[in-house]
Amino acid sequence: LKNIINSEIADGGTSLFDSIGLAYQTLETRRRVRGDSRRYGIVVLSDGEDTESNSFSLAQLEAMMRPTERDPTGIQIHAIGIGDDVDENVLTKLATASQGAYGTPDLENIEAIYRQISKYF
């Protein structure tokens, strides 16, 4: 995992919001079928920049993921900021809206971040 992250270059052309929105909808569909006997979540590794989405905006994602009284646990987004120019504001908003976690890793400690995220599941 460290090698993959180190080799990734954030160079634009990302449909971050569309990707998260579609993943979220897929998990909602699975959750309706399989029920709440499982926990559902998404782990995002990104610099937080979205340059290509045209189906979802950050505001739409925040509204979609906000917990409700009927569904307090929802589907959590756990965001890991990577790259030198991380947009922490975007990634924090995504994680906060879904009651998930956000952090920027020291890649030497990436295992600890995944262990922390696994506590939610």
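## Fold

Helices (H or I, at least four residues) and strands (E, at least two) are DSSP runs, numbered from the N terminus. By that rule, the protein chain has five helices and three strands. Along the sequence they follow the pattern α-α-β-α-β-α-β-α.

This is a predicted model: local features need pLDDT of at least 70, side-chain atom pairs count only at pLDDT 80 or more, and totals for chains, interfaces and linings use all residues. Residues are numbered from 1 along each chain as its sequence is written, and side-chain values use heavy atoms, with hydrogens and water left out.

Buried means under 20% relative accessible area, exposed over 50%, and partly exposed in between (1.4 Å probe, protein chains only). Of the 121 residues of the protein chain, 35% count as buried.

Strand β1 covers residues 41-46 and includes S46. V44 sits in strand β1 too. V44 counts as buried because its relative accessibility is 7%. S46 is buried, at 7% relative accessibility. V44 and G81 are 37 residues apart along the chain, and their C-alpha atoms are separated by 8.2 Å.

## Serine contacts

A polar contact is a pair of N or O atoms within 3.5 Å; within protein, one must be able to donate a hydrogen and the other to accept it, and residues adjacent in sequence count only if both atoms are side-chain atoms. The side chain of S46 reaches the backbone nitrogen of G48 at 2.8 Å.

S53 lies in the loop between β1 and α3. Its side chain reaches the backbone nitrogen of F17 at 3.2 Å. A polar atom of the S53 side chain also lies 2.9 Å from the backbone nitrogen of D18.

## R66 and A97

R66 belongs to the loop between α3 (58-65) and β2. R66 is partly exposed, with a relative accessible area of 48%. In sequence, R66 and A97 are 31 residues apart; in space, C-alpha to C-alpha, the distance is 5.2 Å.

## Negative surface patch

E49, D84, D85, D87 and E88 form a patch of negative charge on the surface. Patch residues have over 30% relative accessible area and no salt bridge, with like charges joined within 9 Å and nonpolar side chains (Val, Leu, Ile, Met, Phe, Trp, Tyr) within 5 Å. A salt bridge puts a side-chain nitrogen of Lys or Arg within 4 Å of a carboxyl oxygen of Asp or Glu.

D87 is located in the loop between β2 (76-81) and α4 (88-97). D87 counts as partly exposed because its relative accessibility is 31%.

How values were computed: Areas by Shrake-Rupley, 256 points an atom, 1.4 Å probe, with all protein chains shown as cover. Lys, Arg positive; Asp, Glu negative; His and termini not counted. Charge placed at Lys NZ, Arg CZ, Asp CG, Glu CD.
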